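Hi there,

Here is the structure I promised to pass on. Have a look at it first, then read my notes below.

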Amino acid sequence: MSEETRAGSAGAGPGTITPDGCAVEMYARMGPDGEQHIVAGAVRAGARTVLELGAGAGRVTHALLELGFEVVAVDESPEMLAEIRGARTVRSTIEGLDLGERFDAVLLASYLVNTAGPALRADLLRTCRRHVKDDGCVLIQREGEGWHDPANVPRELLRGPLRITVAAVEPLGPGRTSVRMEYDFDGRRWSQTHTSHDLDEAAVEAVLAEAGLRVDAYLTDDRTWLRAVPQCAD
Ligand SMILES: C[S@@+](CC[C@H](N)C(=O)[O-])C[C@H]1O[C@@H](n2cnc3c(N)ncnc32)[C@H](O)[C@@H]1O
């Protein structure tokens, strides 16, 4: 496990574990789950450039490249970025990123808006705003409401050979839960614990507005993916 593991996050299992508890090998082996089509369906016609924040091992990056997007992949983990082929990679925290460039789409997926506490979340969203073109969009994936209700845990999801288990939840205080996930990939096992912060639609819209972004659509039936646009585009 990395010595720099972030407060509230931990990970265990074979290979390198990132500061937020993710297993590099597992993300490198996992394929996309349709995220590329959500992105392709959400951007304006002719959009080409995508800034992917927290890109990990390129699970979604590679699928976006195959669709013809030009992707800049950002992650704080060099071991994750080393798995990426065909995209420009930038090793940086998301909150500290300032490329001086703007993109047709900025992608903040993997529930990073929920795993970040309020101050970090505001910084992540300011990074999104700083890097999106005036006629571009920011695409965000957030957790579904009730996902960490103890009544829904444990629960299991199968993704091909990967079994993902939401194994345990523990309330930490109002709106904050510690979540323990387990992953089994062909007998290779990892676990990850992270803090999840509740973020209902009103809360996510408010925090985006503070960053200068306006939610203009929820993109999936479960409303976990949303599109936001710069407020100056109004
Ligand atoms: C759950 S993984 C998801 C990776 C990828 N988005 C995917 O779906 O396969 C989260 C990734 O975000 C990175 N990450 C988390 N917080 C970060 C931060 N504040 N700055 C930069 N990278 C971060 C981690 O290193 C990890 O690679």
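Two things before you start. This is a predicted model, so to speak: local features need pLDDT of at least 70, side-chain atom pairs count only at pLDDT 80 or more, and totals for chains, interfaces and linings use all residues. Residues are numbered from 1 along each chain as its sequence is written.

The chain has 7 helices and 12 strands (DSSP runs numbered from the N terminus: helices are H or I with at least four residues, strands are E with at least two). Its radius of gyration, taken over C-alpha atoms, is 17 Å, close to the 17 Å from the globule rule for 234 residues, so the chain is as compact as a globular protein of that length (the rule is 2.2 Å times the number of residues to the power 0.38). Buried residues are 38% of the 234, buried meaning that 20 or more other C-beta atoms, placed from the backbone, lie within 10 Å of a residue's own.

Now find strand β10 (residues 188–197). It pairs antiparallel with β9 (residues 176–185) over 10 bridges, and with β1 (residues 10–12) over 3 bridges; pairing takes at least two DSSP bridges. D184 is bridged to R189 in β10, while G11 sits opposite Q192. The β9–β10 hairpin has 2 residues between its strands, and D186 there has a positive phi near 50°.

Lastly, the ligand: 19 residues are around it, and G54, G56, R59, E76 and S110 come nearest (a residue counts if its C-beta atom, placed from the backbone, lies within 6 Å).

Cheers

Note on methods:
A residue is buried if 20 or more other C-beta atoms lie within 10 Å of its own, exposed if 12 or fewer, and partly exposed in between; C-beta atoms are placed from the backbone.
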